[in-house]
Amino acid sequence: MIKLVGSFLSSQNKFRAVFYSVIIGNILIWSFLFSLPDGNLHLKIYDVGQGDAIFLRTPGGYKVLIDGGPNNTILDYLGEELPFYSKKIDLLILTHPQSDHLTGLVEVVKRYQIDNLWISGTSNKTRLFSEWQELLQKRNIPTTVVKQRDLMVFPDKTQISVMWPKSALLVSDINAYSVVVLVSYGNFDALLTGDADKQVQPYTSDSGHVEVFKVPHHGSKNSVDLNYLQTISPDVSVISVGSKNSYGHPSPGVVNLLENLGSKVYRTDKNGTTEIVSDGKSWYTKTN
Amino acid sequence: MKKLKTKSPSNRSKLGILLALFLLAALFFWRFSTYEGPVCEGDAKFTATLLEESKVYDNWQYFDIEGYNIKAPSELKISYGDKLQIAGEVKKGRLTDPEVKVVGGSKLHKILFLIRSNLKSRIFEYLSEPQASLLAGVTLGAKEDLPKDFYESLRKTGTVHVVVVSGYNISVVAGLMIGLSRFIRRQLAIVLALLAITFYTLLVGADPPAVRAAVMGSLAFTAVFLGRQRFSLYSLLLAAAIMSLVRPLVLADIGFQLSFLATAGIILFRERILNSLKFLPKAFNDDLSTTLAAQSLVVPVIFYHFGSVSAISPVANAIVLWTIPLATIAGFIFLAASYVIPFVATIISWVIWAILTFFVILVEASSKISFTQLTFTPKEILPLIIYYSLLGGLIIYFKYVRVVKTK
């Protein structure tokens, strides 16, 4: 060991040591500079296969993660997204505890510092869910069961408001209890819906136009209600779905409906990860 | 390689060597003829210790045990080190929904597993992907957490060997103990080094490449202890002999084949290749000649098993390989620090992150160059024989030419 360190520092290797240090130093400095907030809101609907995982970086650099997808792909995305010196997620939202939304979060909770966790309060009988519950207790994560009108406002004025679920509702379907949130910054609104489909739309009585609509339940046959869709008239609709999934998602009828209403449709199985960037006034989409 | 100085042995010791060789051959014959491998089709019933984590999905979980691939309901709760009694029907090497009973467990394995998972969780808490699982691979030989895409890039660029515990890891572990010899008696330090090698090898899961490195490392350190010259090629052959005696199936293990051949290649050819590459910059030719030497014997076997080989591998390795020893040492220091001084561990983890980021970026970039894969029909034995006989012929030819020249 001492020999190894010694040989590394010997005069013969001094040039090498300097060379390596320059490379390492440069990587650290440049990645630090690139990690600083750019003053825009970034919303990314990740391509994670058949499931949901959505990341939001606010203009001030606050980080929100909504669902973790059906596998651990989310860890690679977070590795790119978060800087090397911070493993902090300001708000984590689990829309509902089904494996296509929950699986990736188990490792996320183990590896990242979660400042707030929002859940819908429903439970599931799976092994995955009991493992998740144990983990939350063990890691002592501040958890809130949220309901309509709950709200988080970040210092940069980005607002996350809960549209669903309503407090007292009794349906056997876990999907119907999904946490639905509206992300607002300036004039920009994005509605993120989990799997809360047509049976619970409209989520609130005072719904209005949104720029971005994350289509509920991977665009399934019953995902959207026509009247509600007309009310929110989204400019962009994103369907988070895996290619060749066994459920036949998304339904061609739903895709047609969205397109006929003048909404541009992005699908993670065809377009890959879909990113929307906004400065609060205008916005644009980016795919790879 | 240096020429070995040997005294001409007397007739009596010649007879002794002959007898020893005969006994050894008999031992091998007995071991191999009485060995029974896993069944490929039909009924199977066996008891074995689970030596990996089961992959649990919604309805089913999957694990490998004793050469079998098992598919069992996800409700079944089993953990690393459990002794399982399994009975069922094998179809194409897989047992679907067999009868599984936990009939005991290995304390040692469970403790090792706990230590390993704890060390891994430290890495995952401080670093992000894919640097985290890369470090887990480099220090603990953990391949199970590597992101699929990244693993594919490693394979494509011929750099996947960095996540295999090898001679370097073993020498660092033993070196730590030998370093203590300043403070304690040298003999004691060597005993500690051997214990450390054994513990570390068990900790990383005792894969064939790790065992190969551990046996060779132990032989090397014992040779130093006994004051004898060490002959790497002999210790490599001895390691292979011991391993195949204990577990004949190891010869069919791809990891064992690659590790054995790569080491042999390095021992035989590295110096010579380095001598003929002296015109290249020093920072570059060291790793390049090691890679070329290793690959000279490994390439046909990779062709045989996978049907494709990375043409960019020597260049990719020469550019990125310097990061791995640095990351390994820094990784060991980081792991120790994470239990004592978290703040220091954080700083070290940034440096490791930067080192491995360099590795990741270059590996990803070179995996995207399209013309780098040479493909071939897999499982053909003839090209293998032709290649090795040609190589053997070349070596003999060059030796002969050299002898003529020096005369």
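## Chain B in outline

Of the 407 residues of chain B, 43% are buried, where buried stands for under 20% relative accessible area, exposed for over 50% and partly exposed for what lies in between (1.4 Å probe, protein chains only). This is a predicted model, in which local features need pLDDT of at least 70 and side-chain atom pairs count only at pLDDT 80 or more, while totals for chains, interfaces and linings use all residues. Residues are numbered from 1 along each chain as its sequence is written, and side-chain values use heavy atoms, with hydrogens and water left out.

Chain B has 14 helices and nine strands; helices (H or I, at least four residues) and strands (E, at least two) are DSSP runs, numbered from the N terminus. Among contacts in chain B with a separation of 6 or more, 65% join residues 24 or more positions apart, a contact being heavy atoms within 4.5 Å.

Some values for the chain follow.

| Property of chain B | Value |
|---|---|
| Box filled by the C-alpha atoms, along the principal axes | roughly 75 × 55 × 55 Å |
| Accessible surface (Shrake-Rupley method, 1.4 Å probe) | about 22,600 Å² |
| Part of that surface belonging to carbon and sulfur atoms | 66% |

Ser289(B) sits in helix 10, which covers residues 282-306 of chain B. Ser289(B) is buried, and its relative accessible area is 0%. Apart from neighbours within four places in sequence, Ser289(B) is in contact with Arg270(B), Ile273(B), Leu274(B) and Leu277(B).

How values were computed:
Chains lettered and ligands numbered in written order.
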